[in-house]
Amino acid sequence: MVRSVMLFALVALSFCVTVPLAAQRRITPVENPAAPIKKKTKPVEFDRTRLDERKDASGRIVLVDTVTGMEYVDSTAVAKKPGNIYPLLHAVTVGVDFLDPLLKAFGQEYGGVSAWGELSLHNRFKPYFEMGLSSASISPDGMNYRFHSPLAPFFKIGINYNVFYNSNPDYQLCVGLRYGFSPFRFTIEDVTTSDGDYWGETVPVSFPSQSTTASFLEFALSIKVKIVRNISLGWALKYHTAYGGKSDIGESMYIPGYGKRNNRLAAGFSVMYTIPLNKKTLPVVENK
């Protein structure tokens with residue numbers, strides 16, 4: 001009886017040991033079906049012919065797509081959003097607008113000269129200030145008087161935005177918004193009137209000088225092109241609208257720094273000089 005029990009126990013123990021071992025041998029290792037499937041990533045494709053090699057403000061070399069503005073760390077890196085590759089205090093530019101003096105020399109009845117300056121922040125945002133002097137002596141067609149305004153100052157303050165802020169700063173396209181104002185004097189002179197039908201003589205009359213102040217808003221589209229070293233030329237197209245300039249004898253037909261009141265469009269031509277800031281951190285742009 002005891003022998004039978006021991007034999008049964010030995011068989012049971014052998015079964016308990018061999019079954020798990022056999023089960024382990026039958027299991028084939030596989031990946032966890034709940035684990036995410038890893039996909040192979042393809043390298044970023046781009047056209048190397050339009051890439052410029054530059055250095056950012058930290059001295060690192062980056063590849064910049066001249067069409068989209070996207071930046072690449074190297075030929076296989078994933079693109080990142082374009083940032084500001086130029087330092088905060090990038091440059092100071094001063095200029096003189098010569099267009100009005102040139103037009104006045106060729107017969108324009110009003111005009112003056114102005115000087116302006118702007119501070120370049122990241123080659124992107126450019127706070128702007130302008131001041132100048134202007135005068136007018138206008139004889140309107142078909143009218144019997146002459147409008148005269150002696151030399152008076154004008155001021156403008158605003159900001160420009162460089163559209164191509166991550167490109168070569170020697171060539172810029174800017175849009176700007178400015179506020180201008182001018183305190184000035186004007187008078188109506190040589191008004192011809194008849195003293196009666198009998199004699200038919202004309203008598204010149206002049207009104208007293210009037211003091212007034214006018215202001216205006218100005219939207220500008222401008223370009224800058226480097227000529228040699230730090231000297232550049234610039235052209236500007238302006239759209240503006242005027243306010244004020246009224247007096248006891250009516251509105252002034254001319255505003256210094258603006259031009260004739262009924263002219264919404266104006267232009268400018270400037271010679272400018274740029275002073276770089278933070279020379280040690282200026283990016284190097286290679287033309288390919």
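Visitor: In which loop is the place of Asn 166?

Guide: A loop is named by the elements on its two sides, and for Asn 166 these are strand 7 and strand 8. Keep in mind as we go that this is a predicted model.

Visitor: Does Asn 166 count as buried or exposed?

Guide: Look at the relative accessibility: under 20% is called buried. Asn 166 counts as buried because its value is 9%. Its side chain also has a polar atom 3.3 Å from the backbone nitrogen of Ile 85.

Visitor: Which residue other than glycine has a positive phi near 50°?

Guide: That is Arg 229, found in the loop between strand 11 and strand 12. Arg 229 counts as exposed because its relative accessibility is 73%, and exposed means over 50%. Asn 123, by contrast, is buried.

Visitor: Which side chain has a polar atom 3.3 Å from the backbone nitrogen of Asn 123?

Guide: The side chain of Ser 120 does. Ser 120 is in strand 5, and with a relative accessible area of 3% it is buried. To picture its surroundings, follow its contacts beyond the close sequence neighbours: Leu 88, Leu 89, His 90, Ala 91, Phe 125 and Lys 126.

Visitor: Lys 126 has a charged side chain. Is Lys 126 buried or exposed?

Guide: Buried, because its relative accessible area is 1%. Lys 126 lies in strand 6, and a polar contact of 3.5 Å joins its side chain to that of Gln 172. Leaving out residues up to four places away in sequence, Lys 126 touches several others, among them Glu 118, Ser 120, Gly 158, Asn 160 and Cys 174.

Visitor: How far apart in space are Lys 126 and Thr 93?

Guide: When you compare sequence with space, take both separations together. These two residues are 33 residues apart in sequence, while their C-alpha atoms are 9.6 Å apart. You can read Ser 139 and Asp 190 in this way too: 51 residues along the chain, and 9.8 Å between C-alpha atoms.

Visitor: Where does Ser 139 lie?

Guide: Ser 139 is in the loop between strand 6 and strand 7. It counts as partly exposed because its relative accessibility is 35%, between the 20% and 50% cut-offs. Beyond its close sequence neighbours, Ser 139 touches Glu 109, Tyr 145 and Arg 146.

Visitor: Now the inside. Which residues touch the most other members of the largest nonpolar core?

Guide: Start with a general idea: in soluble globular proteins, nonpolar side chains tend to be buried together. In this model the largest nonpolar core has 15 residues, and those touching the most other members are Ala 136, Ile 138, Phe 147, Phe 184, Tyr 254 and Ile 255. Two or more residues come from each of strand 6, strand 7, strand 8, strand 11 and strand 15. Strand 8 gives the largest share, 3 residues. As an example, Ile 255 touches Phe 184, Ala 214, Phe 216, Ala 242 and Arg 261, not counting residues up to four places away in sequence.

Visitor: How many cavities of 30 Å³ or more are there?

Guide: A cavity is a space that a probe cannot leave, and the count here is 1. About 250 Å³ of space lies in the largest cavity. Its lining has 20 residues, and Trp 116, Arg 178, Ser 222, Ala 236 and Met 272 are the closest to its centre. By class, the lining divides into 8 nonpolar, 7 polar and 5 charged residues.

Visitor: And a pocket? How much space lies in the second largest pocket?

Guide: A pocket, unlike a cavity, is open. The second largest pocket holds about 340 Å³ of space. Of its 27 lining residues, Asp 100, Gly 257, Tyr 258, Ala 266 and Ala 267 lie nearest the centre. Strand 5 supplies the largest share of the lining, 5 residues. The classes in this lining are 12 nonpolar, 9 polar and 6 charged residues.

Methods:
Residues are numbered from 1 along each chain as its sequence is written. This is a predicted model: local features need pLDDT of at least 70, side-chain atom pairs count only at pLDDT 80 or more; totals for chains, interfaces and linings use all residues. Side-chain values use heavy atoms; hydrogens and water are left out. A nonpolar core is a set of buried Ala, Val, Leu, Ile, Met, Phe, Trp, Tyr and Cys residues joined through side-chain atoms within 4.5 Å. Buried means under 20% relative accessible area, exposed over 50%, partly exposed in between (1.4 Å probe, protein chains only). Helices (H or I, at least four residues) and strands (E, at least two) are DSSP runs, numbered from the N terminus. Contact means heavy atoms within 4.5 Å. On a 1 Å grid over the protein atoms alone, a cavity is a set of points where a 1.4 Å probe fits but cannot get out, and a pocket is an open set with protein on both sides within 12 Å along at least five of seven lines; lining residues have an atom within 4 Å of a point. Grid points are joined across faces, edges and corners, and a volume is the space filled by probe spheres set on the points. A polar contact is a pair of N or O atoms within 3.5 Å; within protein, one must be able to donate a hydrogen and the other to accept it, and residues adjacent in sequence count only if both atoms are side-chain atoms.
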